[in-house]
Amino acid sequence: MTSPRITLGAVASAIALALVVRNAGAEPTGFAFLEVPAGARASALDGAYASLAEGIDAAFWNPAGLAATHGIQVTASHYEFLDQLRHAQFGLAGKLFGGGMAGTLRAMYSEPITERDAVGNEIGTFGSHDLEFALSYGRSLSANTHVGGSAQVVRERIADVAATTWAVGGGATWDPAALPRLRLSASVHNLGPAGAYDLDGVRGQPVRLPEALQAGLSYGIEPRGIQLRGSLEGRFTRGRAGIGMLGAELAHESGAALRAGVRVNDESNDFSVGVGYSTRGLRFDYAFVPYRLDLGDTHRFSLTTQF
């Protein structure tokens, strides 16, 4: 019988190789909002979160983690970028069909932007928005192996023109019995056909999805009254160079948590920090993410509840 470790590693390696080869000559993709880390906890770890995410958070990162859903979970996040961009996520998850199922909404939208004619006169305003509606499901194959999948509809609009498409994703996690605090994770994201803008009845150039593979591991230790978790992951996205991510979280039994993350080979961001506080049924998270290239800094907030 094939070892789960060998199977997971072989699949991850094959997908990574395929994506890396395609990225060598790939053009930049659209639907860029799908690459913004979902949730303030994940943002504080600079995206090194797919191997840690469980419950509703896993719907955005690795749906295999939905297998750990308990009760009804709700999460909501809000970010602000530059002067006019806003990013938000909402998710609802519960136990269903022997596993965990989630419905999620992800959006990026702009405040009104001034529109000008050819000679610079103001003629009104316009806006833009990006939307993703997704359903995800995850369940356990055994005590140590979990799998999941997702399906989504994605829409990108600028002024009065829009592009719409669909995509799927999936993932798996494995907790080796010999190392119970170690978790291996691999997930694929945004696999689907390109969309296209309809310009006065003429179909425009294809707008490709940011197809991606994220793979890595996490490990935790629990000295008395403290939980220390670390994660090391890589993300390979169509049209972009691969990114390495390292995250660390120190949580106290009181519910307080400190987090930090580092990114390697990312042109726009190289580190992040954050804090969190959780009770039995409520968790609040904050992340500070500075950007390079004079793009400013972002403050990200999330609230997650469980019933």
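Trainee: Which residues does Thr298 touch, not counting residues up to four places away in sequence?

Mentor: This is a predicted model, and in it Thr298 touches Glu80, Phe81, Ala287, Phe288, Val289 and Tyr291, once residues up to four places away in sequence are left out. Thr298 itself is found in strand S18, which covers residues 297-306.

Trainee: Why is Thr298 called buried?

Mentor: The word applies to residues under 20% relative accessible area, and Thr298 has a relative accessible area of 1%, so it is called buried.

Trainee: What makes the pair Thr298 and Arg300 a polar contact?

Mentor: The cut-off for such a pair of N or O atoms is 3.5 Å, and the side chains of Thr298 and Arg300 are joined at 3.1 Å, so the distance lies within the cut-off.

Trainee: What makes a space a cavity, and how many cavities of 30 Å³ or more are found?

Mentor: A space is called a cavity because a 1.4 Å probe fits there but cannot get out, and a search of the whole structure finds three cavities of 30 Å³ or more. The largest cavity holds about 270 Å³ of space, and its lining has 27 residues, with Phe60, Trp61, Arg106, His189 and Arg235 nearest its centre.

Trainee: Which residues lie closest to the centre of the largest pocket?

Mentor: The largest pocket has about 1100 Å³ of space, and of the 45 residues that line it, Arg41, Glu54, Gln227, Arg229 and Glu249 are the closest to its centre. Strand S13 gives the most to this lining, with five residues.

Note on methods
Residues are numbered from 1 along each chain as its sequence is written. This is a predicted model: local features need pLDDT of at least 70, side-chain atom pairs count only at pLDDT 80 or more; totals for chains, interfaces and linings use all residues. Side-chain values use heavy atoms; hydrogens and water are left out. On a 1 Å grid over the protein atoms alone, a cavity is a set of points where a 1.4 Å probe fits but cannot get out, and a pocket is an open set with protein on both sides within 12 Å along at least five of seven lines; lining residues have an atom within 4 Å of a point. Grid points are joined across faces, edges and corners, and a volume is the space filled by probe spheres set on the points. Helices (H or I, at least four residues) and strands (E, at least two) are DSSP runs, numbered from the N terminus. Buried means under 20% relative accessible area, exposed over 50%, partly exposed in between (1.4 Å probe, protein chains only). A polar contact is a pair of N or O atoms within 3.5 Å; within protein, one must be able to donate a hydrogen and the other to accept it, and residues adjacent in sequence count only if both atoms are side-chain atoms. Contact means heavy atoms within 4.5 Å.
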